[in-house]
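Let's take a friendly walk through a few local features of this protein. Have the sequence and the 3D view open as you read.

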Amino acid sequence: MTKKITEIFDEREADRYVLHTKYLNEQMVRVLRTIGYDVGFRSGSGQYLYDRAGTKYLDLLSGFGVFAVGRNHPAIRDALKNVLDADLPNLVQMDVSVLAGVLAERLLRLVPQLDKVVFTNSGTESVEAAIKFARAATRRPGIVYCEHAFHGLSYGALSIMGDKIFRAGFEPMLPECVEVPFNDLEALERALAPRTAAAFVVEPIQGKGVNLPDPDYLRGAAEVCRRYGTLFVADEIQTGLGRTGRFLAIEHYGVEPDIVLIAKALSGGHVPVGALLMRKRIFESVFDRMDRAVVHGSTFGKNDLAMAAGIVTLELLTTGGMIANAERTSARLMTSLSAMVKRFEFLQEVRGKGLMIGLQFGPPKSLKLKLSWNMIEAANRGLFCQLITIPLFRDHKVLAQVAGHGSHTIKLLPALIISDEDCAWIERAFEEVLAGSQEVPGAAWSLVKTLAGHAMRASA
Ligand SMILES: Cc1ncc(COP(=O)(O)O)c(C=O)c1O
């Protein structure tokens, strides 16, 4: 290797958008340029990102939730270097991995009602595996899922996707997948009553929209599942690992799922990894004989770098006070942001748990503002939220995005280590941007009118 990776990065940094336009996803480059996010990030540390001019940003996306412990955490980096320097016997395949055994043991200590672990390389792969294990354990074909659910983009996961835009053009999906409204126990009971559903797969808090379960919904759902012999699968890929102020979000609701899915933050933000935690009888329905010992798995599952990242991430989460910090900073933000609902017409609700917070926007009461809302929403449903996220980014250096296509919810998903200073940064930024949104005509509205023009042209 003649050049270090950092030299290549420095030399080609300025070409990133050209490279992506030519060789990768040009549409993504167009999106970034249109909304002014093409600032060229150069580094990340903790809850912050830095662009090529050295400007600091507060990252409230955290890579869609992978950086729970913060970007480039030194303990994770040390562990990864340690693995690389140790010449460990990685991926022997005809052996079993020490580090996978240790990580499985530590995960199950945190979720003691479950007995076995299957490691994967991503969230969607955990979902695929859950569908297979549930079918094998119940000998049933069906999967029940919720409206607005997001479980990943491979075929099984896509088949239980609650947002149709992701499915368009990719049909047909897996058969016997049935959608039910979230928070509707009667609909769930109707779907499970024929006893053909292997699993009910549900996010304890839905990522698309930050939709919270009613206090008794998940417990009720678990009971209905038990009544009809359907496995209860909690997709904690986004909500797990401290995100909601508990190790798993289900802990808030007192339920014990048959299978728990995790991924994202387990990686420490460095090495893709996912896992299914499940009851022994489900596991053993798949791995039931010696000749079926490799009937499910993947080449890179259980690789040493992923396992090491997982071990250190768990250590940081359970001993570093990060989960308690998530709960504490959440309480502050929920209070301060909720107080803005009274003062800013477009902001209708602030909801969430821990550091998974949704700001819900909607049509205002006053006529003048309502006309403006109708105008941009007619151009493109959900466009209003860009009137908030673009100035947050451009004027306040806060990176946040909407919680789904056509959504009127902006989601905050920061690292669990944010400080009071960061909370003040968020509060100041929203205060000013929300005030700006009420100025019609005003700078924010002219910007979004331009975007509406782009949207109209694109759909023409
Ligand atoms: C709840 C949930 N499940 C599954 C997935 C898919 O995970 P991945 O992107 O790692 O495949 C996601 C990703 O956002 C998610 O939020």
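## A word on the model

Please keep in mind that this is a predicted model.

## The open sheet

Start with the sheet, which is open and made of four strands in the order S1-S2-S3-S13, with mixed pairing.

Helix H3 covers residues 26-35, and at its start a side-chain oxygen of Asn-25 comes to within 3.0 Å of the backbone nitrogen of Gln-27. Gly-36 follows H3 and has a positive phi, near 75°.

Next, have a look at Thr-313, which belongs to helix H12 (residues 304-319). Is Thr-313 buried or exposed? Its relative accessibility is 0%, so Thr-313 counts as buried, the cut-off being under 20%. The side chain of Thr-313 reaches the backbone oxygen of Ala-309 at 2.7 Å. Leaving aside neighbours within four places in sequence, Thr-313 is in contact with Val-69, Ile-76, Leu-241, Ala-265, Leu-266, Ser-267 and Gly-268.

Ser-437 lies in helix H16 (residues 420-437). With a relative accessibility of 1%, Ser-437 counts as buried. Its side chain reaches the backbone oxygen of Leu-434 at 2.6 Å. Which residues does Ser-437 contact, leaving aside its neighbours within four places in sequence? They are Phe-346, Leu-369, Leu-387, Ile-388 and Trp-445.

## The second largest pocket

Finally, turn to the second largest pocket, with a volume of about 1,000 Å³. Its lining is made up of 32 residues, and those nearest the centre are Gln-93, Asp-95, Val-96, Ser-97 and Lys-302. Helix H6 (98-110) and strand S4 (116-120) are the elements that give two or more residues to this lining.

Which element gives the largest share of the lining of the second largest pocket? That is H6, with six residues. Sorted by class, the lining of this pocket holds 18 nonpolar, nine polar and five charged residues.

Notes:
Residues numbered from 1 in each chain as written. Predicted model: local features only at pLDDT ≥ 70, side-chain atom pairs only at ≥ 80, totals over all residues. Heavy atoms only, no water. Buried < 20%, exposed > 50% of the residue type's maximum accessible area, 1.4 Å probe, protein only. Polar contact = N/O pair within 3.5 Å; in protein donor to acceptor, adjacent residues only side chain to side chain. Contact = heavy atoms within 4.5 Å. Pairing = 2+ DSSP bridges. 1 Å grid on protein atoms, 1.4 Å probe; cavity = no way out; pocket = protein on both sides within 12 Å on 5 of 7 lines; lining within 4 Å. Points joined across faces, edges and corners; volume = space filled by probe spheres on them. Nonpolar A, V, L, I, M, F, W, Y, C, P; charged D, E, K, R; others polar.
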